[in-house]
Amino acid sequence: MSIEKQIYWVGTSLKDLQSFSSQAKQEAGYQLHRVQNGFEPENWKPFQQIGSGVKEIRISESSNIYRIMYVAKFSNKIYVLHSFQKKTQKTSSNDINIAKARYKAIKKEEK
């Protein structure tokens, strides 16, 4: 049996996730639990623009779209870089920049 990977919340990612609707929070928890146990989330895409190994969990419910950007390639850790609600089809440059800055900080720490 493999050991569940620990989740590390970077910056305000946990606080941001806590502002999701209760249904989206429940879904986020389920998808992150899958990642902790070595599985892919059910709906995700790679987000190489931020950094190597960064993935985005995609959660949609009624008219809301939520995203959780994380990286799980380091040791036994999952870093949640950014959690946010999407307002448009395209991920905003602000959201991308937040995730990029947090990814850079992690890479320093992991060296």
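A charge sits over a ring if NZ of Lys or CZ of Arg is within 6 Å of the ring centre and within 35 degrees of the ring normal. In this predicted model, the charged end of Lys55 sits over the ring of Trp44, at 4.5 Å from the ring centre. Aromatic pairs number three. The largest pocket has a volume of about 160 Å³.

**Charges over rings**
- Lys55 places its charged end over Trp44.
- Lys77 does this with Tyr8: its charged end sits over the ring, 5.3 Å from the centre.

**Aromatic pairs**
- The count of aromatic pairs is three.
- Phe20 and Tyr66 make a tilted pair, with 4.4 Å from centre to centre and 35° between the planes.
- Phe20 lies in the loop between helix 1 (13-18) and helix 2 (22-36), and Tyr66 in strand 4 (residues 64-71), so this pair ties together parts that are 46 residues apart in sequence.
- Phe20 and Tyr66 are both buried.
- Phe74 and Tyr79 form an edge-to-face pair, because their planes stand at 75° with ring centres 6.1 Å apart.
- Phe74 and Tyr79 are buried too.
- One aromatic cluster is made up of Tyr8, Phe74 and Tyr79.

**Largest pocket**
- Its volume is about 160 Å³.
- The lining holds 15 residues, and the closest to the pocket centre are Lys5, Val35, Gly38, Phe39 and Ala72.
- Helix 2 contributes at least two lining residues, and strand 4 likewise supplies at least two.
- By type, the lining has six nonpolar, five polar and four charged residues.

Notes: Residues are numbered from 1 along each chain as its sequence is written. This is a predicted model: local features need pLDDT of at least 70, side-chain atom pairs count only at pLDDT 80 or more; totals for chains, interfaces and linings use all residues. Side-chain values use heavy atoms; hydrogens and water are left out. Rings of Phe, Tyr and Trp (its six-membered ring) pair if their centres lie within 6.5 Å; planes under 30 degrees apart count as stacked, over 60 as edge-to-face and the rest as tilted. Helices (H or I, at least four residues) and strands (E, at least two) are DSSP runs, numbered from the N terminus. Buried means under 20% relative accessible area, exposed over 50%, partly exposed in between (1.4 Å probe, protein chains only). On a 1 Å grid over the protein atoms alone, a cavity is a set of points where a 1.4 Å probe fits but cannot get out, and a pocket is an open set with protein on both sides within 12 Å along at least five of seven lines; lining residues have an atom within 4 Å of a point. Grid points are joined across faces, edges and corners, and a volume is the space filled by probe spheres set on the points. Ala, Val, Leu, Ile, Met, Phe, Trp, Tyr, Cys and Pro count as nonpolar, Asp, Glu, Lys and Arg as charged, and the others, Gly among them, as polar.
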